[in-house]
Amino acid sequence: MKILKIIAIIALVGFVGIQFIPTERNQSYTVPETDFMLVHNVPETIQKKLQVSCYDCHSNNTQYPWYNKIQPAAWFLEDHIKEGKAELNFNEWDSLSSRRKSSKLRSIIKQIESGEMPLDSYTLIHKDAKFSEAEAEELINFITQLKDSL
Amino acid sequence: MTVGILVMTLTLTAISCKDGKKDEPAAPMSNEMYQESMDDKDDMAMSDNQDAKAEAILKDYFNLKDALVGDDNDKAKELGATLASTFGNFDASSYSDSEQQELKDIMEDATEHAEHISESDIAHQREHFKIISKDVTDMVAITGTENTLYQLFCPMYDGGSNWLSMSKDVKNPYYGSKMLTCGEMQKEIN
């Protein structure tokens, strides 16, 4: 019993302790000119969907949920956002060459088609980030058109 | 801690400044070399140096292609990593400005896809290989190559996909043993 108590105390101290380790917040209040939605004429429904389903990890501004202020959830998210932005940052879209745009658009189509994106760990909590079949189709059609027009 | 990092940064900056100065006298010489290689290009004979770089990419590309033909996921991972660094090391400095820009775009794109190949399952590797094949084809259009290459075409994979090979025999990297001979020779390059 005593050992359990000690372990519980250590865990608690550890948990409180890690709260003081600062994390990098992905927040920006300006949208740069290179943003995907500013460069392309994106229908409003798709804009909304991208914002809700993609921009949290693929732009310079994350809408943080409350629990992300608590470690270790914050670390987990920080990692994902870093990786997500390295792969694709919608805010910096127009700084890519048309070759790279085209291959990014291709990847977007593939990942939506196969359901790889948005990540399961993300849609688990962000239910509204999930794509219905119709939404996925609409987005894929739009991206395909955009890709062909590049 | 912060002070330590600051001191280290300053030291590093100081070292790199020194290096920069040392390089200066050498600059006119490399200019000459640049002009020489431009002249060579006018004669339609590229300097060995240039060729070696495009050839290195082609060599690694063909190795990767063979790994995919052989359904070898692990080997393709390894070769993807190799190819990523070969793409990254490509030196386009001897080409014209517009060619340099194009080559830079190609290399950036291709590096990213090669990196993905180094960490994916074989289905994904093949998706990325398709894009790399286009990148490498576009590169060859600029750099040329000393060997005769063949552009092959598989109508079934992903709405039709190309790849390059040194041989006109069809050995399909998109399907491997599943449909090894699916496809056709489309074009001879060089």
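Predicted model: local features only at pLDDT ≥ 70, side-chain atom pairs only at ≥ 80, totals over all residues.
Student: Thanks! How many helices and strands does chain A have?

Tutor: Elements here are DSSP runs numbered from the N terminus, with helices being H or I over at least four residues and strands being E over at least two. From the N terminus on, chain A reads α-α-α-α-α-α-α-α. The count is therefore 8 helices and 0 strands.

Student: Why is chain A described as more spread out than a compact globule?

Tutor: The globule rule is 2.2 Å times the number of residues to the power 0.38, and the radius of gyration is taken over C-alpha atoms. For 150 residues the rule gives 15 Å, and chain A is well over that, so it is more spread out than a compact globule, with a radius of gyration of 19 Å.

Student: What box do the C-alpha atoms of chain A fill, and what share of its residues is buried?

Tutor: Taken along the principal axes, the box is roughly 70 × 30 × 25 Å. A residue is buried if 20 or more other C-beta atoms, placed from the backbone, lie within 10 Å of its own; it is exposed at 12 or fewer and partly exposed in between. Of the 150 residues in chain A, the buried share is 19%.

Student: Which residues of chain A does the "Haem-binding" domain annotation cover?

Tutor: UniProt positions are given in the numbering used here, with shortened feature names, and annotations may be inferred rather than shown by experiment. In the model, the annotated stretch is 55% helix and 0% strand, with its end C-alpha atoms 52 Å apart. According to the unreviewed UniProt entry, the annotation covers residues 12-147 of chain A.

Student: How many charged residues are on the side of chain A that touches chain B?

Tutor: Contact means that C-beta atoms, placed from the backbone, lie within 7 Å. The contact takes 6 residues from chain A and 6 residues from chain B. Ala, Val, Leu, Ile, Met, Phe, Trp, Tyr, Cys and Pro count as nonpolar, Asp, Glu, Lys and Arg as charged, and the others, Gly among them, as polar. On the chain A side there are no nonpolar residues and 2 polar ones, and the charged residues number 4.

Student: Turning to chain B, in what order do the strands of its open sheet lie?

Tutor: Chain B follows the pattern α-α-α-α-α-α-β-β-β along its sequence. Strands pair if DSSP finds at least two bridges between them. The edge strands, each pairing on one side only, are β2 (161-165) and β3 (184-189) of chain B. The sheet of 3 strands pairs in the antiparallel sense, in the order β2-β1-β3.

Student: Which residue of β3(B) stands opposite Y150(B)?

Tutor: Strand β1 (residues 149-154) of chain B and β3(B) pair in the antiparallel sense over 5 bridges. Within this pairing, F153(B) stands opposite E184(B). The residue opposite Y150(B) is E188(B).

Student: Which residue takes a positive phi in the hairpin of β1(B) and β2(B)?

Tutor: These antiparallel strands are joined by 5 bridges, and C154(B) stands opposite S161(B) in β2(B). The hairpin has 6 residues between the strands, and the residue with a positive phi near 50 degrees is D158(B).

Student: Is L149(B) buried or exposed?

Tutor: L149(B) sits in strand β1 of chain B. Leaving aside residues up to four places away in sequence, it touches V140(B), L164(B), M166(B), I189(B) and N190(B). Because L149(B) has 20 C-beta neighbours inside 10 Å, it counts as buried.

Student: And how many of the 6 residues in β3(B) are buried?

Tutor: Across chain B, buried residues make up 28% of the 190 residues. Strand β3(B), though, is hardly covered, and its count of buried residues is 0.

Notes
Residues numbered from 1 in each chain as written. Chains lettered and ligands numbered in written order. Contact = placed C-beta atoms within 7 Å.
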